[in-house]
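Hi,

Here is the structure I said I would pass on. Have a look at it first, and then read my notes below.

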Amino acid sequence: MKILDFGLCKTTNEGTGEKTLTETGFLIGTVNYMSPEQSMGKHIDKQSDIYSFGCIIYEMITGEIPFKGETAAIVLLQHMKDPTPAFLDLSPRSKLPTQLQDLVLTATAKKKESRYQSFAELRKDLLEISRKNCRTSYLPVSHRNKIKSSRLSTKFVLISAGLFL
């Protein structure tokens with residue numbers, strides 16, 4: 001058995017090598033990170049994982065999930081229909097690099113073809129952003145008060161995301 005992230009489990013029969021994954025048409029996972037295609041019960045693949053990872057980066061940066069609702073159905077509809085909120089709009093005085101927001105918005109594009117086509121491509125851009133932009137205070141004051149060192153937290157977000165990939 002292999003444990004994959006985003007709440008899914010994939011098993012391999014060691015005798016036959018047959019692999020099984022959640023069936024098309026069934027929703028299994030955490031709705032806060034589900035791609036539009038997964039929210040509709042369609043086939044999921046690496047593009048779905050890229051979307052989910054984009055949601056995680058969004059949450060790491062803002063401290064909030066991109067979509068919220070009173071029910072799981074409302075959140076699923078938002079994943080299917082609503083654009084990912086621009087986090088720089090939430091904190092216009094933030095010194096976060098616009099390239100980081102562009103990366104997250106690309107990763108969470110509604111259409112699979114508009115997303116990063118591979119984690120290698122996403123990782124390359126993330127590391128480039130990290131290389132160019134690791135300065136001391138990107139987070140808004142409200143977030144800096146929650147975390148003792150904004151420099152450490154910003155580097156942590158960029159580096160941990162890069163290492164994950």
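A quick definition before anything else: a crossing of two helices is left-handed if the near helix is turned anticlockwise from the far one by less than a right angle, and right-handed if clockwise. Keep in mind, too, that this is a predicted model.

With that in hand, start with helices H2 and H5, whose crossing is left-handed. Two packed helices are described by the angle between their axes and the distance between the axes. For H2 and H5, the axes come within 8 Å and cross at roughly 145°. Which residues make the contact? On the H2 side they are Ile50, Tyr51, Gly54, Ile57, Tyr58 and Ile61, and H5 brings in Leu100, Leu103, Val104 and Ala107. Sorted by class, that contact of H2 with H5 has nine nonpolar residues, one polar residue and no charged ones.

Staying with H5, you will find Gln101 in this helix. Is Gln101 buried or exposed? Its relative accessibility is 10%, so Gln101 counts as buried. If you skip the neighbours within four places in sequence, Gln101 is in contact with Ala86, Phe87, Leu88 and Asp89. There is also a distance you can check on screen: the C-alpha atoms of Gln101 and Pro85 are separated by 9.8 Å, and the two residues are 16 apart along the chain.

Now move on to the loop between helix H5 (98-107) and helix H6 (119-133), where Thr108 sits. Thr108 has a relative accessibility of 2%, and because buried means under 20%, Thr108 counts as buried. A polar atom of the Thr108 side chain lies 2.8 Å from the backbone oxygen of Val104, and Val104 is one of the H5 residues in the contact with H2. Leaving out neighbours within four places in sequence, Thr108 is in contact with Tyr51, Gly54, Cys55 and Thr84. Tyr51 and Gly54 are among the H2 residues that also take part in the contact with H5.

Next, the salt bridges. Side chains of opposite charge can pair when their charged atoms come close. How many salt bridges are there? The count comes to five, and here are some of them.

Another salt bridge is made by the side chains of Asp45 and Lys112, at 2.9 Å from N to O. Asp45 lies in the loop between H1 and helix H2 (46-62) and Lys112 in the loop between H5 and H6, so the pair ties together parts that are 67 residues apart in sequence. Asp45 is partly exposed, with a relative accessible area of 27%, and Lys112 is partly exposed as well, at 24%.

Then there is Arg131, which forms a salt bridge with Glu128, with the closest N and O atoms 2.6 Å apart. Arg131 and Glu128 are three residues apart in helix H6, so about one helical turn separates them. Arg131 counts as exposed at 58% relative accessibility, while Glu128 counts as partly exposed at 32%. Salt bridges with shared partners join Glu128, Arg131 and Lys132 into one network.

Cheers

Definitions and conventions. Residues numbered from 1 in each chain as written. Predicted model: local features only at pLDDT ≥ 70, side-chain atom pairs only at ≥ 80, totals over all residues. Heavy atoms only, no water. Helix = DSSP H or I, 4+ residues; strand = E, 2+ residues; numbered from the N terminus. Buried < 20%, exposed > 50% of the residue type's maximum accessible area, 1.4 Å probe, protein only. Polar contact = N/O pair within 3.5 Å; in protein donor to acceptor, adjacent residues only side chain to side chain. Contact = heavy atoms within 4.5 Å. Salt bridge = Lys/Arg side-chain N within 4 Å of Asp/Glu carboxyl O. Axes fitted to C-alpha atoms, helices over the stretch in contact; angles between N-to-C directions. Nonpolar A, V, L, I, M, F, W, Y, C, P; charged D, E, K, R; others polar.
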